[in-house]
Amino acid sequence: MEALNNFLLWIDGFLGSAAYFPFLLLGVGLFFTLYLGFPQVRYFRHAWKVLGGKFDKKGTEGDTSHFQALSTALSGTVGTGNIGGVALAIFLGGPAAIFWMWMTAFMGMTTKFVEVTLSHKYRVKTEDGTMAGGPMYYMDRRLNMKWLAVIFAIATIVSSFGTGNMPQINNIAQSMEQTFQIDPVWTGAVLSILLAMVIIGGIKRIAAVTSKIVPIMGLLYVIGSLSVIFFNIDNIGESFVSIFRDAFTGSAAAGGFLGASFAYAFNRGVNRGLFSNEAGQGSAPIAHASARAKDPVSEGLVSILEPFLDTILICTLTGLVILSSGVWTEKFENNFARSDLEFIVGDYNDKEQADREALYAYLNDTSENTIERYNGQIQVIDGEAQSNGQFTILHARSVAEDVRFIVAGEDAYTGVVNVKNGDLIKEDIEVVGKSLVHSAALTSLAFANGYFGDYGQYIIPLTLLMFAFSTAIAWSYYGDRAVVYLVGQKGVMPYRIIYVAGFFWASFADTTLVWTASAVAIVLMTLPNLLGMILLHKEMKSTVKSYWQDFNKENPPKK
């Protein structure tokens, strides 16, 4: 398993984690933004009118309304990334990561417009009378590149497990256990039954459920966010300043945060933006293809709103909550995760400027770095490591404080531990202390710094439950349609059964391998989709032109 995971990580180094990927993603969005004349700005108001059904025609084929299709697509994008993902982006890239998320979303509004329009245009009616669409259909039916469509469809199925299924329930189960002490098995069992009841009903039931969940979870999260933002209103101005300043100068914040390079902020912001709104990935067009729309451009216009709501609205609220509350630079007592724990040679203090600069160079892997990872034995007496200035313990990219080594959950450890290349070898020892925190835990701490006080932190597990569960529902449909494309309607029920079983298993199992495979699959969806969009750029422009010609004929301006 470990060898396969490492192999997938190696492949990802040439794909999603490669330096070119963020530039490619933004580049395609920028190209279409300029080529189509800033449709995300010019058509923004019109998109809201289409969403409201103002221009609907009776008898139009489709399974869902514009609003239901958008809700399904939003339920697939608004998930753990909006809560923990934004916090992780800030943790790794500083406030600047928010700026690059905005840029990704702004360009992504056009990217989404293009991919949804093309996918809706080449959708088909399946054996059971429902609609099926997505990038695989325009790759096959228009570009005659079936091999590319097959790659995309297979990658979509893998991503349905690695993006929408297993990580979502895993996060829900952990959150429920930490907050309410509910056994993950029970969380998985109950939600698996509910998931099965929804997805077996197909897109109409999925759309009916998501169109109810999305507004409720969005409203709850907005209220909770604003309670923190207004409570810390004096810090909002500086929060915005830091976002723009650090986007171009590199992060150098005070407190425990040791700064992030421009490359870190840019890469984390863009990749988190993609993970959040999925513009260019080709997943949301599958949901939008189900919509009742006379012209594919009208549904493309509705999809413009998706990155705006998902990233520019919800992710920005998360970012402002974290920045204005100040918790992102504070150290908190926590149980150290091995993946975030490392030992380095030398005695460093992150309150000393010279040490901060040296740690910055190490953490951002700059050419000025002189710090090495520690190797050797460490003597521990009554839970405390005897460093004698030989090493420093880092956790979550910060100098750890009040560090204690314990066994059996509570007993202080005395003895020797081995460290190899900065990693603690002994598996049965827990390390606890004060350090920075990240992901959903950071967002939860931020929500406790508002008008709701400590009760505010309970908003996170509740919204996480709804966000993540709705994401699992939407992604089941994406995988469902990919299966229909590959093997036909006969493969749908077996896929749904496996999807629910995987959902339950992931509530208590280690999903690292699946998550790594999904990281590769996401890129294998995105690259073919971006290629197909570029190849059809002329057709996209002519399709948009025809839409407006027909629209203006049917809706002449009032004199």
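I opened with the bridge partner of Ile381, and found Glu384 in S6. A reminder to myself: this is a predicted model.

**Entry 1: the sheet around S6.** I then looked at how S6 is held. Strand S5, residues 376–381, pairs with S6 through two bridges, and the sense is antiparallel. Stepping back, I traced an open sheet of four strands with antiparallel pairing, and I wrote down its order as S6-S5-S11-S12. Which strands sit at the edges? I noted strand S6 (384–385) and strand S12 (423–424), each of which pairs on one side only.

Entry 2: Asp402 is not a glycine, yet I read a positive phi of about 50 degrees for it. Buried or exposed, or in between? With a relative accessible area of 47%, Asp402 is partly exposed, because the exposed class begins over 50% and the buried class lies under 20%.

I also followed the pairing of S9. Four bridges link S9 to strand S13 (residues 430–435) in the antiparallel sense, and two bridges join S9 to strand S10 (residues 411–412), again antiparallel.

**Entry 3: Ala396.** Another non-glycine residue with a positive phi turned up, Ala396, at about 50 degrees. I located Ala396 in the loop between strand S7 (391–395) and strand S8 (398–399). How accessible is Ala396? I noted 2% relative accessibility, so Ala396 counts as buried.

**Entry 4: helix H18.** I listed the buried residues of helix H18, which spans residues 353–363: Asp355, Arg356, Leu359, Ala361, Tyr362 and Leu363. Asp365 follows H18, and the phi of Asp365 is positive, near 55 degrees.

**Entry 5: H2 against H23.** I wanted to see how helix H2 (residues 20–35) meets helix H23 (residues 537–554). Their axes come within 11 Å and cross at roughly 40 degrees. That angle makes H2 oblique to H23, because angles under 35 degrees would count as roughly parallel. I also noted the hand of the crossing of H2 and H23, which is right-handed.

Which residues make the contact? From H2 I wrote down Phe31, Phe32 and Tyr35, and these meet His537, Lys538 and Lys541 of H23. Sorted by class, the contact of H2 with H23 has three nonpolar residues, one polar and two charged.

**Entry 6: Ser119.** What does Ser119 touch, once I leave aside its neighbours within four places in sequence? I found Gly133, Gly134, Pro135, Tyr138 and Pro285 in contact with Ser119. I looked up Leu301 as well: Ser119 and Leu301 are 182 residues apart in sequence, and their C-alpha atoms are 13 Å apart in space.

How values were computed: Residues are numbered from 1 along each chain as its sequence is written. This is a predicted model: local features need pLDDT of at least 70, side-chain atom pairs count only at pLDDT 80 or more; totals for chains, interfaces and linings use all residues. Side-chain values use heavy atoms; hydrogens and water are left out. Buried means under 20% relative accessible area, exposed over 50%, partly exposed in between (1.4 Å probe, protein chains only). Axes are lines fitted to C-alpha atoms, for helices over the stretch in contact, and angles run from 0 to 180 degrees between N-to-C directions. Angles under 35 degrees count as roughly parallel, over 145 as roughly antiparallel, 65 to 115 as roughly perpendicular and the rest as oblique. A crossing is left-handed if the near helix is turned anticlockwise from the far one by less than a right angle, and right-handed if clockwise. Contact means heavy atoms within 4.5 Å. Ala, Val, Leu, Ile, Met, Phe, Trp, Tyr, Cys and Pro count as nonpolar, Asp, Glu, Lys and Arg as charged, and the others, Gly among them, as polar. Two strands pair if DSSP finds at least two bridges between them.
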